[in-house]
Amino acid sequence: MTDFKALYNQKKMTADEVAAQVESGWLIGMDSAIAQTPAIMDAVCRRAEGGALQGVRVQFLLDSYPFAFLADDSLAAKITGQAWFASSGARKALAGGWADYIPNYYRDCPRHIRANYDYDAFCVSVSPMDKHGYFSLGTVSSYSPAMIDKAKRIFVEVNDNTPRAVCGAQLHISQITGLVENSFELPTLPPAKLDETSITIGNLIAEQIQDGSCIQLGIGAIPDAVGLALKQKHDLGIHTEMFTSSMVDLIECGAVNNSKKQIHRGVSVTTFAFGSKAINDYIDDNPAIAIMPVDYVNNPEVICQNDNMISINAALEVDLFGQVCAESIGTKIMSGSGGQVDYVRGACQSKGGKSFIAFTSTAKGGTISKIKPILTPGAVVTTSKNDVDYIVTEYGLAHLRGEPLSSRVRQLIAIAHPDFRDELRFEAKKRGILI
Ligand code: COA
C-alpha cells in the first residue's frame, strides 16, 4: 500500500517555497471564503513587492482575507485580482481600478473556467489528510472541481481547523504539487445586524412560507432575518448556494429536517458555506450536508425539482418595471450576480415555488428610496423584469410576475417608503407607465 504520509512529507514546503515557483504572467485560481490561501498569497505578494513578478493574475470569489493585491494600487501591474464576486476588499480595488471583475451567473463559472482559462496554479485550503490520502476542501465545492481540472499545479494550505466535509469536494495527495501547513482560526462573517425593519420583513416573508418548503437564503441581513422568522416552521428543507449561520440554527431548533424534499431527501445541499464557527463545526464529518459543485447546485433545472422551493435574496435598488439591481451602485461594483437569478428561476419553476427579493425601503439613513422610477445610471440589472416574482419591503409585498406594468408600478409605489410615494407616482405618470 502506498505510504501517503511519506508522500505528504515529500510535498511539504513553506509558503515562500511555493511563491518561489510562481513566474511572471501566471494565472492563479482560488475559490471562495475559507478555501482561499492566505499564507501562499502573502508570500506571492511579497515576491511581487520585491520586484520579482509582473503580470500575475489571481482569480477568486468573495475575498475573505485582506489580500495585499486588493488593499491598494502598490502591486498594480504586478498582481491583478480578478473577482467572480466581490466582497469588501475587492469592492475597493474594483472602484480604484486595480482589480478586474468577471461578470457571470455563478452556475456558469465552471463552464467559463473550462472554456476560457488555463491555470498555472490552483491554490486551496484543505483539512488534514485522511488515511486514504484525501484532503477535504472543507466548506467549499463551488467551481473548485473545474479549476482542479484546468490547473497545471495544485498547491494547498493544510489547516487543522478546516472541517472535513464527507459529502464534499476532495483532493488526493497524488494530485498535489506542494503543501503548506498553516493552522489558524478560520475567518468568519460578523452576524448580520437585525433591526426592527429587517425583522418585520423577515416576518412578512415567513407568512408566505408553508411547512415542508425547501429554502434558499441569500447573502445579507434580510435573508438572515427570514431565517430567524422561520424557527416556528416544520419539515423545511435546504437547497441553497450559500449555507449560512441561520441555517445551522434552523437545523438545530428542528425547523429543518429535509424530510419533504423531492431530491436529496434528508440532506441539506449547498455549494459553499460561510459564516459563524458553528457552521464549520456542523459540517465537520457530517453526512447530513452535501457540498456540491455550483453548476449542479445552482442549475434552475435542479433547483426546481424540489416542490415549494422558496428563494429569498436581497437587492440594492429596483425600478418600476421590477428590474432588480443587486450588485452595483451605478457602475460601482458591490458584489456580483451570484446565484440570485438561478434561484429566482429555479423557485418560479418549482411546483408551489416562490421567489422573494427583499430589502429595506430606504438606504443611507432614509435619504434614498431603493424603489426608483429608473435604476441609477450605470446600475446593472441582476434579475430582469421577466424573471422577478415578489418584491418585499417593510411596507409589504408586491407580486410582479406576470402582472401588467401599471399593476407593478402601483404595487411597488405602495411598498415604497411613504416619503417617496408621491415623487414615484409623479415620475411614473410623467413617463407614461402609470395608467
Ligand atoms: N443606494 C446607495 N447605497 C445603497 C443602496 C442604494 N440603493 N442600497 C444599499 N446601499 C448601501 C448600504 O447603505 C450599504 O452601505 P455601507 O456598506 O456604507 O453601510 C451598502 O450599500 C450595502 O448595502 P446592504 O443593504 O447593507 O447590503 P447587504 O450586505 O444586505 O447585501 C446585496 C445586499 C444586494 C449587496 C447582496 O445580497 C448581494 O450581493 N446580492 C447579489 C448576489 C445574490 O443575491 N446572491 C444570492 C445567492 S447567495
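Reader: By class, how many nonpolar, polar and charged residues does the lining of the second largest pocket have?

Author: This is a predicted model, in which local features need pLDDT of at least 70 and side-chain atom pairs count only at pLDDT 80 or more, while totals for chains, interfaces and linings use all residues. Residues are numbered from 1 along each chain as its sequence is written, and side-chain values use heavy atoms, with hydrogens and water left out. A pocket is an open set of points on a 1 Å grid over the protein atoms alone, with protein on both sides within 12 Å along at least five of seven lines, and lining residues have an atom within 4 Å of a point. The lining here includes D160, E185, K277, D281 and D284, and with Ala, Val, Leu, Ile, Met, Phe, Trp, Tyr, Cys and Pro counted as nonpolar, Asp, Glu, Lys and Arg as charged and the others, Gly among them, as polar, the lining has two nonpolar, four polar and five charged residues.

Reader: Which elements give two or more residues to the lining of the largest cavity?

Author: A cavity is a set of grid points where a 1.4 Å probe fits but cannot get out, and a search of the whole structure finds one cavity of 30 Å³ or more. V18, V22, W26, I28, I40, V44, A121, C123 and F155 line the largest cavity, and by class this lining has nine nonpolar, no polar and no charged residues. With helices (H or I, at least four residues) and strands (E, at least two) taken as DSSP runs numbered from the N terminus, the elements that give two or more residues to the lining of the largest cavity are α3 (38-49) and β5 (121-126).

Reader: Which strands stand at the edges of the seven-stranded open sheet?

Author: Two strands pair if DSSP finds at least two bridges between them, and the seven strands form an open sheet with parallel pairing in the order β4-β3-β2-β1-β5-β7-β9. Each edge strand has a single partner, so one side of each is left without a neighbour in the sheet, and the two at the edges are β4 (99-101) and β9 (178-181).

Reader: Which residue of β2 is the bridge partner of S32?

Author: Strand β1 (residues 27-32) pairs with strand β2 (residues 56-61) in the parallel sense over four bridges. In β2, the bridge partner of S32 is L61.

Reader: Is helix α14 largely enclosed or open, and which elements do its buried residues pack against?

Author: Buried means under 20% relative accessible area, exposed over 50% and partly exposed in between, with a 1.4 Å probe and protein chains only. Eight of the ten residues of α14 (residues 340-349) are buried, so this helix is largely enclosed by the rest of the structure; among the buried ones are Y343, V344 and C348. Taking contact as heavy atoms within 4.5 Å, the buried residues of α14 pack against β10 (214-217), α12 (294-297), α13 (300-303), β16 (309-314), β18 (324-325) and β21 (354-358).

Reader: What is the relative accessible area of I219?

Author: The place of I219 is in the loop between β10 and α9 (221-229). Leaving aside its neighbours within four places in sequence, I219 is in contact with L62, M242 and A314. I219 is partly exposed, and its relative accessible area is 40%.

Methods: Points joined across faces, edges and corners; volume = space filled by probe spheres on them.
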